[in-house]
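Dear colleague,

Please find below the structure that I am handing over to you.

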Amino acid sequence: REFVNITGTVNAAGEGGLLGMAFHPQWPATPDVYLSYTRTPVAGDPALICPGQTTAVLTSIISRFQSTNNGTSLDVGPDEILKVGQPFTNHKGGTIQFGPDGFLYFGLGDGGSGDDPCASGQNLGSLLGKILRLDINAPAGMYKIPGDNPFAGNVAARNEIWSYGHRNPFRWSFDMVSGDMWVGDVGQNTWEEIDHVVKGGNYGWKTCEGFHRRGSTTALCNTPGLIDPVVEHPRGEAQSITGGYVYRGTAMPSLAGTYIYGDYVTGNIWALIYDTDNKPTPKVIATVGANTLVAFGQGNDGEVYTVQISGTISKLVPAPKLAPDNFPQLLSATGCVVPDDPTRPAAGLIPYDVNAALWSDGADKERFLAIPDGATITINADQDWDLPIGSVAMKTFSVGGKRIETRLFMRHDDGGWGGYTYEWNAGGTDATLLPAGKMRALENDAIWAYPSRNQCIQCHSKAAGGTIGLETAQLNGDGIYPSTNRISNQLATLGTVTFT
């Protein structure tokens, strides 16, 4: 069934065409749909801002359409609320999405050709090379400027601008849980990049390309005021990045909270995995045909889909065989607790507490530490504790007197750390290993968030010392030792402990 037909309006020259669609946040109560496309310039379109060129070859449009038949089709429109002159036929961007704040965001490339000949990326007087933020609650043919836009009221800048320094933010999205904006920005000849975009951010083009000076494979950008990408890809890996979505589905638990994106030219699809250094590392998880991947989509259930230029839409699903998880599935089987009573720590685990605990939604916490027999803890110049291989830190969270979660943080043979989250059963008799992050409703109507293993490593990075609370300043205070019913300074007590 045909929903809307703008064939006679759109000029699809080069990288133009119908490039984005966004339903009003209150759809279908407010039956408005916004389309992003390019058309042939007409009299009355805005003047082109490009040195040495006065005639636009295309006009980028955001138009509002309406349905009068309960969403069966769009039969009122177009109401063109934004028009931007384009000097060339490539680098149109075109993605539009409503943000969690209800405003409409619009990504525009630098105008095309090569090397940003219109100097758009850093020109705050131009809408090209920008992410825009618009208030669409306005009369026909108009929009308003949100009062908290970064350049609102600045006569030297276009007030629509949310972020700038983009080359071609072809595809981007909001994380449906955190609201964070993730942008895939197409590079020129050397680097492709993924950006985590924030209000008023300058992402470097055309001074920078990826982490590097524009066009360089060796010289880093290092320019004050510019925001580095999250990750870059050399041209040997990607040649036209296609931004995707943060995965929030359930079909692939190991990818929960992970940003998924791809490349049009190679067809590779990556998940952005964080390592023990808190460094984001792309991992290829799937491949589609070369020169086909033009977009990703996300369902209301958080699952992610690929869109190919042929019109094929595919859902990302787990591979037929998943690697087995050999880690103990029950807390009682880990050796860190008494097997017949997992509420009690195993012999050899030492209780500890910290002077300044992180807020954990009002939960009570119990902490324990164990290191291998005969081993010692090294204290570095910053008074952070470097635990030996084989060490375990255990923390249990309780809400309203009931155990909710136990986390094990373990140092493996390769020196890296691993985080493992166990969810306690309703009876409080044991806890089960979670394969991924999870949200759980508690009896007090609060929502408890269990972190994924990848999220554990993002916080407990090498830069943070692996463990966070184990440092001299945090443990220089009295602790209660249940086995002896004594209160003693923790540093003094630990200094007398011999692990044999």
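In strand S17, Ile 269 is the bridge partner of Gly 262. Strands here are DSSP runs of E with at least two residues, numbered from the N terminus, and two strands pair if DSSP finds at least two bridges between them.

Please note that this is a predicted model, in which local features need pLDDT of at least 70 and side-chain atom pairs count only at pLDDT 80 or more, while totals for chains, interfaces and linings use all residues. Residues are numbered from 1 along each chain as its sequence is written, and side-chain values use heavy atoms, with hydrogens and water left out.

Strand S16 (residues 259–263) runs antiparallel to S17, and three bridges join them. The hairpin of S16 and S17 has four residues between the strands, and Gly 267 takes a positive phi near 80 degrees there. On to strand S18 (residues 280–287), S17 is joined by seven bridges, again antiparallel; Trp 270 stands opposite Val 284 in S18. Five residues lie between S17 and S18 in their hairpin, where Asn 278 in the turn has a positive phi of about 60 degrees.

Five bridges join S9 to S10 (residues 181–185), and Ser 173 stands opposite Trp 182 in S10.

With kind regards
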